[in-house]
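Take a moment to look over the two chains before reading on. We will walk through a few places, one at a time.

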Amino acid sequence: MTITVSREAKEFRRKVMETPGAEKLMRCYQCGTCTADCPIAKRVPEFRPRQIARLVMYGQKERLMEGDLLYLCAGCYTCYEHCPQEVHVSEIVSALRRISLDEGHLLPGFKALMEGVAEMGYIYEIDEFENEMREDDGLPPAPVPDTDGIEAVMRATGFLGKVEASTR
Amino acid sequence: MKYAFFVGCTTLSRLPGYEKSARKVAEKLGVELLDMPGSGCCGTTYLETLDHKTGLAVAARNIAIAEEMGLDVVTICNGCTEVLTKANRELKENPKLRAEVNDVLAEAGKEFKGTVEVKHYVRMLKEDVGLDAIQEKMEKSFRGLKVASHYGCHMLKPKEILMSDDPENPTVLDDLVATTGAEPIDYPNKLECCAGPVMGVRENVTWSVGLDKVKTVKQYGDALVTACPFCYLTYERCQLMQEESPNLPVLHIPQLLGLAMGLDTDELGIGHNKVPSTVVLERLEG
């Protein structure tokens, strides 16, 4: 049987491999160390780091971008440290997240989280109420983040605009 | 000894026991931790996966504040540790990237110069204060108490960036536990991630990962210590969600150290720990 990798598929693979950290994809010889040691793969049958690497090699974009697959990686770097070929599947997952966002997609929870950082300077609201609780505990008020500065930085790179425009 | 203290969102708003104990123990050791005016979120470990440059810039804005203070940064969250250390290293080593990020940082009136270091609190304790100096401050002992350490991922990995301890055989937390007279123990899934980062995607996965560790530690030891707010919350919450809680005490590492130093439970915020630490407190001698 011949497997043909279409031009689009090759183009997608090239895009992934251009992302810093994901350059070594083609060194993967499918040993499966990543999947064997992945704390998520032990519990989630559809999350298989080895399969993610293979699907990228064959440019199977749709299967990779399906559902919440890319967001199941805990970023624990176990695959990064254990891979005998230094393929770094965790970095391949990051590359896929970036491509997905460039194409306008982000899970709603992550969208809210990133917009929250820009708006509040923290991932949660840390305001009067929280500072009163802190005072009761003898703690100093939380630093007041320069939210204008943070938002300006996140907007200057084009990131915040992409996040705001994104859909699932 | 003086540091810029980067507490991080989750501890600031959810875990006063961690922050209080970290501050008190530092004070007892003569370490000054100064708040960082204008600092905010490190960027989160997610942001760097979504946009590399933005991740670096948001992290570098915080580092620039410490640079203005002329102090190295001490963190108490593994996520912040990884994010800030990685940005600090990349920007110090790559002048082209630094210039690009500084262009963006100008929007916030900041500049990254590359003049400070970032380290986790436990690393500061071991490397800068020293285990002997910590030992000298101990007034009580947890002799006979078996304590399991959970390191968490981002204090150690990627190794080439964090360069702090061997991710396959880390020792810093066990060394600190030993200064209290307690027995640091090994257990089968010691190096497993807490899966906290997927809590917002598949909560049940995080609870399953958390419970596996709690149940294992329960077989081998009396308590679990953590050095990260996310790991702590995973191991605490996964127990509270059970009809019958395994009741494994989870402590922030400075709480254990502080108790052995003779600090009282209020000063260390022990009352905020939702799984009762009674079995630990009962074992304190002296």
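At what angle do helix α5 and helix α6 of chain B pack, and how far apart are their axes? This is a predicted model, so every value here is computed from it. In chain B, α5 covers residues 78-93 and α6 covers residues 95-105. The two helices pack at an angle of about 115°, and their axes are 5 Å apart. Angles of 65 to 115 degrees count as roughly perpendicular. That is why α5(B) and α6(B) are described as roughly perpendicular to each other.

Now look at the residues that meet. From α5(B) come Glu90(B), Leu91(B), Lys92(B) and Glu93(B). From α6(B) come Pro95(B), Leu97(B), Arg98(B) and Val101(B). The residues of this contact divide into 4 nonpolar and 4 charged, with no polar ones.

Stay in chain B and find Lys119(B). This residue sits in strand β4, which spans residues 118-120. Is Lys119(B) buried or exposed? Its relative accessibility is 13%, so Lys119(B) counts as buried. The cut-off for buried is under 20%. What surrounds this lysine? Lys119(B) and Thr85(B) are 34 residues apart in sequence, yet their C-alpha atoms are 7.4 Å apart in space.

With 60% relative accessibility, Glu282(B) counts as exposed. Which distance separates the C-alpha atoms of Glu282(B) and Phe142(B)? The answer is 9.3 Å, although the two residues are 140 residues apart along the chain.

Next come two details of the backbone in chain B. Between Lys157(B) and Pro158(B) there is a cis peptide bond, with omega at about -5°. Pro158(B) is in the loop between β5 (146-149) and α9 (159-162). Move on to Ala195(B). Its phi is near 65°, a positive value in a residue other than glycine. Ala195(B) belongs to the loop between β6 (183-185) and α11 (203-220). The relative accessible area of Ala195(B) is 0%, so this alanine is buried.

Chain A has a positive phi to show as well. In Glu86(A), phi is near 55°, and this residue is not a glycine. Glu86(A) is in the loop between α5 (78-82) and α6 (89-102) of chain A. At 40% relative accessibility, Glu86(A) counts as partly exposed.

Finally, step back to view chain A as a whole. How many helices and strands does chain A have? There are 10 helices and 0 strands. Read from the N terminus, the elements run α-α-α-α-α-α-α-α-α-α. Chain A is divided into domain 1 (7-102) and domain 2 (108-165). The C-alpha centres of these domains lie 30 Å apart. Along the principal axes, the C-alpha atoms of chain A fill a box of roughly 70 × 30 × 25 Å. The radius of gyration of chain A is 20 Å, while a compact globule of 168 residues would have one near 15 Å. Of the 168 residues, 49% count as buried. Take the contacts in chain A between residues at least 6 apart in sequence: 67% of them join residues at least 24 apart.

Definitions and conventions: Residues are numbered from 1 along each chain as its sequence is written. Chains are lettered from A and ligands numbered from 1 in the order in which they are written. This is a predicted model: local features need pLDDT of at least 70, side-chain atom pairs count only at pLDDT 80 or more; totals for chains, interfaces and linings use all residues. Side-chain values use heavy atoms; hydrogens and water are left out. Axes are lines fitted to C-alpha atoms, for helices over the stretch in contact, and angles run from 0 to 180 degrees between N-to-C directions. Helices (H or I, at least four residues) and strands (E, at least two) are DSSP runs, numbered from the N terminus. Angles under 35 degrees count as roughly parallel, over 145 as roughly antiparallel, 65 to 115 as roughly perpendicular and the rest as oblique. Contact means heavy atoms within 4.5 Å. Ala, Val, Leu, Ile, Met, Phe, Trp, Tyr, Cys and Pro count as nonpolar, Asp, Glu, Lys and Arg as charged, and the others, Gly among them, as polar. Domain bounds come from an automatic or database domain assignment. Buried means under 20% relative accessible area, exposed over 50%, partly exposed in between (1.4 Å probe, protein chains only). The radius of gyration is taken over C-alpha atoms; the globule rule is 2.2 Å times the number of residues to the power 0.38.
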